[in-house]
Amino acid sequence: MKKLSCILLTVTSLYIPLKSNAWGAEGHKMIASIAYQFLDKSVKDSVDKYLAGTSIEEASVWMDVIRSDHSFDYMKPMHYLNVEKGEQYKQATGDNIINELTDVAQRLRDNKSRTQWGVKGDLEILIHLVGDLHQPLHVGYGKDKGGNTVQVTFFEKGTNLHKLWDSEMIQKSGITKEDCLKLMPKYSKQEIEETDLLKWMEQSRAYLPAVYNFSDNRLSQEYLDKNIPIVEKQILFSGLRLAHLLNTIFKK
Ligand SMILES: [Zn+2]
């Protein structure tokens, strides 16, 4: 029996399907890679030390990888929050992306008193959630579960709006980290280095009208062309803001 559970464990850890509740792996990895590029040298060393052999790209998808393990189910509400159309976010205690990011950043500021593995876990959470907060449908409407219940076709293939924004537009367009970095001169340092998480949320939500701007649920090139610049900008901002946050937290 012990042997069997060992085999099962090995098999499940070899095949871990990524669920579609966050930027897909491609988006998160681009964000992590942009952030890493903009870390101060000493901060890069600290991050590498705490990640202990895990690359920042791998660290960025840990929260999605563990979704298949039910002992981590308590983390599911941390990836998002919902605010209905026309309503304002009301700050309250409880598990949501804003509260978790606030807490994890604070825990990391106190990193000296914590264990290596505690800091590693918190880094994996922080790196992932900064990305999620920039995906407009992670701060979307509860009515349609952040676009998860909006069925569409994308280039004739059935999907839902959330999945489309997580990964399918990124995969179809083939955008790269370099495409996102090209947009950098368009934005001010001040805009990029905004640290207020509520502003990040409002900026993501400001794209919701564009996300839902279609009359026919058959989406293809026109929708992709209109919206891929938003995806590129949000990936760029996530990466640069993550770098700024890590530089602030780990500065000596
Ligand atoms: Zn997520």
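The legends below describe close-up views of a predicted model. Residues carry numbers that start from 1 along each chain as its sequence is written. Because the model is predicted, local features need pLDDT of at least 70 and side-chain atom pairs count only at pLDDT 80 or more, whereas totals for chains, interfaces and linings use all residues.

**View 1. The open sheet has three strands in the order 2-1-3, with mixed pairing.** Helices (H or I, at least four residues) and strands (E, at least two) are DSSP runs numbered from the N terminus, and two strands pair if DSSP finds at least two bridges between them. Strand 2 and strand 3 form the edges; each has a single partner strand, so one side of each lacks a neighbour in the sheet. Strand 1 (residues 151-154) and strand 3 (residues 218-219) run parallel and are joined by two bridges. In these bridges T153 is partnered by R218, and F154 by L219.

**View 2. Strand 1 and strand 2 (residues 157-160) form a hairpin with antiparallel pairing.** Four bridges connect the two strands, and V152 lies opposite T159 of strand 2. Two residues separate the strands of the hairpin, in which F155 adopts a positive phi near 50°.

**View 3. Helix 8 (residues 161-173) packs on the sheet.** The helix touches strand 1 and strand 2, contact being defined by C-beta atoms, placed from the backbone, that lie within 7 Å. The direction of helix 8 makes about 95° with that of strand 2; axes are lines fitted to C-alpha atoms, for helices over the stretch in contact, and angles run from 0 to 180 degrees between N-to-C directions.

**View 4. Helix 6 (residues 97-109) packs against helix 7 (116-133).** The crossing is left-handed, meaning that the near helix is turned anticlockwise from the far one by less than a right angle. Helix 6 contributes I97, E100, L101, V104, A105, R107 and L108 to the contact, and helix 7 contributes V119, D122, L123, I125, L126, L129, V130, D132 and L133. These residues comprise twelve nonpolar, no polar and four charged, where Ala, Val, Leu, Ile, Met, Phe, Trp, Tyr, Cys and Pro count as nonpolar, Asp, Glu, Lys and Arg as charged, and the others, Gly among them, as polar.

**View 5. A52 and K145 are loop residues with positive phi.** A52 lies between helix 3 (41-51) and helix 4 (56-60) and has phi near 45°. A52 is exposed, with 10 other C-beta atoms within 10 Å; a residue is buried if 20 or more such atoms lie within 10 Å of its own C-beta, exposed if 12 or fewer, and partly exposed in between, with C-beta atoms placed from the backbone. K145 occupies the loop between helix 7 and strand 1, with phi near 50°. K145 is partly exposed, as 16 other C-beta atoms lie within 10 Å.

**View 6. K252 lies in the segment after helix 13 (221-250).** K252 counts as exposed, with 7 C-beta neighbours inside 10 Å. K252 and S42 are 210 residues apart in sequence, while their C-alpha atoms are 7.8 Å apart in space.

Notes: Two residues are in contact if their C-beta atoms, placed from the backbone, lie within 7 Å.
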